[in-house]
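Have the viewer open as you read.

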Amino acid sequence: MSSVISPSAIPTSTILASAKSTTTGNPSTWSTLTYKFFKTGLIFGTSVIVVSLLAIYKFQSKIIYPASLNDGHGIVDTPDKYGMPEYEAVDLNTADGETLKAYVLVHDPNAPNYSNKTVLILCPNAGNMGHFLPVVSIIYNSMNYNVIIYSYRGYGKSTGSPSEKGLKIDADAVMEYISENKQLSSSSLILYGRSLGGAVGIYIASKYSNMVSAVILENTFLGIRKVIPHIFPYLSPFKILCHQIWDSESAMAKIPSNIPVCFFSALQDEIVPPAHMKKLYDISKSDAKEWHSYPNATHNDTIVQPRYFNIFQNFIQSKVNPIGL
């Protein structure tokens, strides 16, 4: 017959010791477990941060250059759809082997009202050049200026993938094409850049100042790293990881004083801080610079503000030879 131990037979000290061991554990054991838990959590948290930062570093070009946005890789409209049947679709070959799609629209140089002025349109960072054809129509049909517009590499039907280095190579190819075209090279060249296109325009004007007669900028930035705190505040501590620099702040200072510059700034810009445009204006050495701000305009609707294109044309007529056209 087996014996049954009565609870009273177990010393009270033993019961208390057992209870203490179950609820609190050995102090040294719990310290070890806490340390291991904290260490594991720290390693996991650090790993997540590192992986996130590596992802941001690797895929930042997808954010800066959303080439597929707004069906950017889909249909690319042609000028004839907007009443401009006399155009040339041109393939521009870059120094690194990419092919850029461009539209070139020129007026008859023998026409009595020929202005002998060409506007090179440098697009924003979304969509393709077909989306900007309504504006091309205004400049070409209403203002009577020649127009060149192209899709950056990776945009529209142009080959390659966009990057700062690549877009600058693209700009070099466009300027080479202009220099080799008899009609275009003999006309006054006006650069018109919006947002990212403004950075491209500043690059071109600083490098090819001998070919540029004027620059028109809308809502562009000092540099990509300086935009990050405005759009992604939580990434501010890591902006050094941004390898797409676009240092327009330094490039603007290299544009000679004899090149007129027109600035259009949206004071409610939700993407590029308006202070960026103001500082670019202050940095500009131009002897003939103009500042036009719109108190209620945002980043993308500046172009539809009252008298925008009146100011645009008046600037070209009054600041670019031949004056008055």
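## Aromatic pairs

Searching the whole structure, which is a predicted model, turns up twelve aromatic pairs. One of them joins phenylalanine 132 and tyrosine 192: their centres sit 6.3 Å apart with 40° between the planes, and the pair is tilted. Phenylalanine 132 belongs to the loop between strand 3 (117–122) and helix 3 (133–142), while tyrosine 192 is in strand 5 (residues 188–194), so this contact ties together parts 60 residues apart in sequence. Both ends are tucked away: phenylalanine 132 is buried at a relative accessible area of 8%, and tyrosine 192 is buried at 0%.

Then there's phenylalanine 263 with tryptophan 291, whose ring centres are 6.4 Å apart and whose planes meet at 35°, so this pair is tilted. Here strand 7 (residues 261–266) supplies phenylalanine 263 and strand 8 (residues 289–294) supplies tryptophan 291, so parts 28 residues apart in sequence get tied together. Phenylalanine 263 is buried, at 0% relative accessibility, whereas tryptophan 291 is partly exposed at 26%.

## An aromatic cluster

Phe132 and Tyr192 turn up again in one aromatic cluster, along with Phe264, Tyr294, Tyr308, Phe309 and Phe312.

## Charges over rings

## Salt bridges

How many salt bridges does the structure hold? The count is eleven. Aspartate 77 and lysine 81 make one, with their closest N and O atoms 3.5 Å apart. Aspartate 77 is buried, with a relative accessible area of 17%, but lysine 81 is exposed at 57%.

Lysine 101 bridges to aspartate 91, and the closest N and O atoms are 3.0 Å apart. Since lysine 101 lies in strand 2 (residues 99–105) and aspartate 91 in strand 1 (residues 88–93), the pair ties together parts ten residues apart in sequence. Lysine 101 is partly exposed at 28%, and aspartate 91 is partly exposed at 45%.

## A helix link and a network

Lysine 279 and glutamate 249 also meet in a salt bridge, at 3.0 Å from N to O. This pair links distant parts of the chain, 30 residues apart: helix 9 (residues 274–283) holds lysine 279 and helix 8 (residues 248–252) holds glutamate 249. Lysine 279 is partly exposed at 37%, while glutamate 249 is buried at 18%. Elsewhere, salt bridges with shared partners join Asp96, Arg153 and Asp170 into one network.

Definitions and conventions: Residues are numbered from 1 along each chain as its sequence is written. This is a predicted model: local features need pLDDT of at least 70, side-chain atom pairs count only at pLDDT 80 or more; totals for chains, interfaces and linings use all residues. Side-chain values use heavy atoms; hydrogens and water are left out. Rings of Phe, Tyr and Trp (its six-membered ring) pair if their centres lie within 6.5 Å; planes under 30 degrees apart count as stacked, over 60 as edge-to-face and the rest as tilted. Helices (H or I, at least four residues) and strands (E, at least two) are DSSP runs, numbered from the N terminus. Buried means under 20% relative accessible area, exposed over 50%, partly exposed in between (1.4 Å probe, protein chains only). A salt bridge is a side-chain nitrogen of Lys or Arg within 4 Å of a carboxyl oxygen of Asp or Glu.
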